[in-house]
Amino acid sequence: MQSFQKASFDALLWQAAKKEDPLVERWTREGKLDEGLYFACAAKRLGVPFIAHPTPESVYPLPENWPIEKLGELSWILIKPYVRLGAQPALSDSLYLCAPHGKELDALAEKLQRDPQFGKRVRLTTPSQLHALQRASASKAAMKHHVFQLKRDHPNLSAHGKVKGSHSFVLFLSLMLVMIGSLLYTPLGILFNLLTIAIFLTMSMLRLISVQRLPHTRKTQANRLLSLFEGAKGLEAPSDWPSYSVFVPLFREGRVVPELIQSLCKLDYPRDRLTCYLLLEAEDEETRAALAQIRLPAFIELVDIPKGGPQTKPKALNYALSFVQTDLTVIYDAEDRPDPQQLKIAALHMLRSDPALACLQAQLAVDNAHTNFLTRQFALEYSALFDGLLPFLAFDKLVVPLGGTSNHFRTSILKQIGGWDPYNVTEDADLGLRLSRFGYRIETIRSDTWEEAPERYSIWLKQRTRWFKGWMQTWIVHMRRPGFLYRKLGRSRFLSFHIMIGSMLLSTLVHPLYFITFAITGWKLATQGAENGPVFFTLLAINSLNLILGYGGVMLLGRIWGARRYGFGWRAVLEMPLYWLIMTPAAWRALFQLVKSPHHWEKTDHGLSATRRSAPQQKVRSGKITPDVPISGKLGSYFRRRHSSMRRNPSTPKGTLLTIRVSSHALENNLLGDVSEREVIVYVPHGHDGAGLPLLVDLVGFTAGGPAHVNWKNFGENVPERLDRLIASGKMPPAVVAFPDCFTRLGGNQYVNSAALGNWEDFLIRDMAPAIEARIGCGGPGKRGLFGKSSGGYGSILHAMKHADFWSAAACLSGDMAFELCYLPDMPNLLRTLAKKDNSIEAFLAAFEEGPKYDGKDIHALMTLAMAASYDPDPEAFCGIRLPVTMHDCALIKERWQNWLKWDPVLLADQPHVIDNLKSLKGLWIECGYVDQYNLLYGARRLHAKLENAGVEHVYEEFPDNHSSIDYRMDLCLPYLVHSLQQ
């Protein structure tokens with residue numbers, strides 16, 4: 001582009017503008033071509049002035065009867081007479097300020113040729129500036145007719161009223177009488193105790209049902225995600241995608257603005273179908289100043305929110321909604337970091353669903369979860385809700401209380417039901433219920449948005465107060481006509497609404513009082529005579545059951561999803577009761593504010609955490625489907641422009657690679673003639689000497705050795721670069737990682753003791769690990785883990801099963817198991833290959849080693865021979881290899897095959913001591929792609945089922961990929977392993 005002369009470049013832009021060249025338009029939308037330059041060029045060619053920054057005061061107000069949503073279809077606006085724009089003199093006539101494209105540009109050029117005097121009244125500007133002026137001209141009409149539409153059209157569904165003073169007094173007096181009476185009068189205390197138990201149990205049962213239904217819910221979600229693959233194939237052109245509006249309400253968010261803009265720019269969606277609106281309050285100078293330092297791409301526009309009415313997030317959202325006509329609309333908060341593919345995933349869901357689907361809720365997650373007690377509990381709460389409970393509620397078509405962000409709406413439906421309630425300070429829960437009342441459906445999608453959890457109690461208290469107050473508003477508003485609500489929702493959704501909102505609020509308010517009344521009542525019953533004994537023990541039994549089910553249901557959800565997503569152990573789960581107790585002050589504070597200042601919005605400060613990772617690469621996912629890879633080639637590429645360095649990102653602090661040579665007695669005298677001295681490359685993180693850090697061992701797959709994982713990798717990262725990034729971003733704590741050379745003459749290793757290949761279990765445990773720990777001072781009991789894929793995954797799970805006294809954590813990525821599925825199908829191919837060498841294993845191996853070239857069938861044949869030498873070695877045979885089938889007709893030799901099966905992880909899991917070993921681990925990760933070409937998925941599922949039935953804690957995941965090129969999955973398992981070893 002720099003080779004163009006200025007005149008020729010102007011001509012190029014002019015021709016592109018007239019032809020509606022999509023490349024130029026895409027460049028302007030993506031920020032690659034300055035929007036001002038584009039239209040300044042057009043103005044110069046037309047011979048009219050270009051106005052870069054027109055003022056809102058210069059435009060006429062829009063007539064009130066004008067349809068505001070049609071404004072975007074106009075490419076011009078009238079400017080008042082006697083208004084000075086830029087350096088141009090003021091005129092006594094009105095001016096046309098326009099930003100024409102394509103045919104409109106042609107028409108304007110022809111008009112100016114026919115009527116040169118008309119050019120005196122024409123000014124050009126950019127579309128962004130034009131849209132801002134159009135919104136300014138319509139601001140009064142928008143505030144009058146659109147922002148408060150719900151209050152006007154459905155006053156009974158709006159929280160615009162205030163609680164009367166007399167009602168407040170009666171409410172407060174009633175609560176005090178109940179509490180004092182429960183403490184002083186034993187029968188009333190028993191009644192209060194039983195009522196609170198009933199409330200707690202309804203919530204517990206709903207959570208326990210969601211846990212029980214979880215496998216079916218996740219399977220259905222997985223099938224839906226798979227169906228999107230086919231849906232994406234038909235979307236060839238950008239215009240095939242639905243148009244999207246992204247709303248981001250901002251208020252005093254200067255700290256997070258740079259990261260917000262980065263997150264929005266990472267959204268993988270056609271730019272000509274996407275517009276992001278940053279909603280700014282009139283007095284928010286802090287955020288304006290931060291935005292002024294950033295050159296925004298053309299697809300991001302600023303929307304000024306006028307004063308008037310309550311200053312709340314839903315009011316700002318309604319104002320912006322007045323001007324959009326896109327097919328879909330999504331809400332993000334200022335600190336959000338959504339999955340770049342989230343818009344496409346949501347769009348495909350909407351395209352393939354019926355019109356009754358009004359909203360999709362993405363999963364919310366916390367990326368500073370490990371900072372302190374508050375963030376741990378906040379993350380557990382989010383994980384239990386968005387990973388576990390909401391998918392169940394949506395799947396069963398119950399009432400879904402939306403989260404305040406990552407809600408993807410059909411815009412037309414959102415407008416039809418009145419948008420958001422500007423007076424409700426928790427607008428999301430209200431909107432979810434209102435959609436259900438109007439007969440629409442809400443679903444969840446498997447895509448993450450990462451948020452910042454409050455790290456200080458003062459900030460957490462204000463946020464939680466606002467949430468509780470909004471939920472109270474929602475319950476009061478929708479219970480104004482309970483009979484009508486019941487008929488609208490039906491029995492199941494009506495009950496779920498009361499459990500999710502009403503029971504939750506009441507239980508939080510009385511939580512400490514429940515324990516006090518139970519203790520006092522129980523003490524009185526126990527000390528007032530033997531005749532009260534049966535009553536006391538009955539009450540004790542009922543309360544014990546309530547505590548087990550009540551606490552257990554929530555803690556079970558937290559344990560399942562907290563461990564899967566964040567690697568939390570029992571410590572975080574056992575802290576949950578304390579977290580619930582500190583919610584009570586927030587609930588009472590909310591009740592007080594509901595009376596005094598119901599519409600006051602307590603701002604949550606963002607950008608205060610020092611532990612958020614700078615840019616999430618892959619997300620730690622839970623469950624079976626992990627859409628962290630592109631859904632298809634049509635959904636975009638994860639490749640980035642590489643720097644001049646061979647390292648993927650030279651700015652990331654680089655760890656140190658050491659080389660240690662280990663002379664092993666365990667490998668001496670192996671039948672393959674392989675060397676017994678092995679090289680081990682050891683990664684030590686930047687800024688560490690390795691002392692005291694956990695030790696991980698990388699067991700590589702077949703045809704590779706540990707050093708292969710430290711080599712430069714085209715279009716990606718080698719493992720040390722991946723470790724550098726994970727540690728620098730804060731996603732993974734520092735750890736030492738060993739890459740041992742375990743390559744053999746047969747092309748690979750199963751990491752077992754074998755008379756043929758050598759005693760590789762002993763090498764890892766007795767020779768290699770002690771040598772590394774003695775040299776560096778890392779690892780040690782409770783701080784050793786291993787991971788691997790394919791044969792390395794098999795080695796990891798086998799060592800976890802046999803040597804849990806040495807290893808404390810393991811990750812099996814697509815590991816070999818269910819031998820009859822992954823090995824027996826290769827036997828006929830092996831025999832056909834050997835038949836070419838007169839059925840001689842020795843002749844085949846000699847020819848293979850001579851080269852100069854081998855094909856994939858030879859590699860698979862060699863791999864099967866390596867398995868035979870690993871699982872059933874024969875010291876008398878060539879290289880210790882004997883097959884479990886006959887050479888002539890491939891008949892199974894049962895005695896030999898039984899020797900193989902003794903090493904199958906699926907069958908090993910039937911042995912009690914193996915289960916005991918696995919239970920003793922700090923962390924166990926098992927995963928497999930559900931289109932794995934070696935049938936390993938089915939073995940993984942069998943093993944997962946056995947471990948689950950045996951009560952072995954583990955993470956199990958399936959993901960949408962095959963067996964090849966899945967190193968990106970390390971982004972999930974490696975942080976999990978290190979966090980587990982730190983417990």
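Glu-761, Leu-764 and Ile-765 of helix H25 are in contact with Leu-798, His-799 and Lys-802 of helix H26, where contact means heavy atoms within 4.5 Å. By class, this contact has three nonpolar, one polar and two charged residues; Ala, Val, Leu, Ile, Met, Phe, Trp, Tyr, Cys and Pro count as nonpolar, Asp, Glu, Lys and Arg as charged, and the others, Gly among them, as polar. The model is predicted, with local features requiring pLDDT of at least 70 and side-chain atom pairs counting only at pLDDT 80 or more, while totals for chains, interfaces and linings use all residues. Residues are numbered from 1 along each chain as its sequence is written, and side-chain values use heavy atoms, with hydrogens and water left out.

Helix H25 spans residues 760–776 and helix H26 residues 791–802; their axes come within 12 Å and cross at roughly 70°. H25 is therefore roughly perpendicular to H26 (angles of 65 to 115 degrees). Axes are lines fitted to C-alpha atoms, for helices over the stretch in contact, with angles from 0 to 180 degrees between N-to-C directions. Helices are DSSP runs (H or I, at least four residues) numbered from the N terminus. The crossing of H25 and H26 is right-handed, the near helix being turned clockwise from the far one by less than a right angle.

Thr-833 lies in helix H28, residues 827–835. Thr-833 has a relative accessible area of 11% and is buried (under 20% relative accessible area, 1.4 Å probe, protein chains only). Beyond residues up to four places away in sequence, Thr-833 touches Phe-844, Lys-857, Asp-858 and Ala-861.

Cys-742 is buried at 2% relative accessibility, and Cys-822 is buried at 7%. The count of disulfides is zero, a disulfide being a pair of cysteine sulfur atoms within 2.5 Å.

Key. Helices (H or I, at least four residues) and strands (E, at least two) are DSSP runs, numbered from the N terminus. Angles under 35 degrees count as roughly parallel, over 145 as roughly antiparallel, 65 to 115 as roughly perpendicular and the rest as oblique. Buried means under 20% relative accessible area, exposed over 50%, partly exposed in between (1.4 Å probe, protein chains only).
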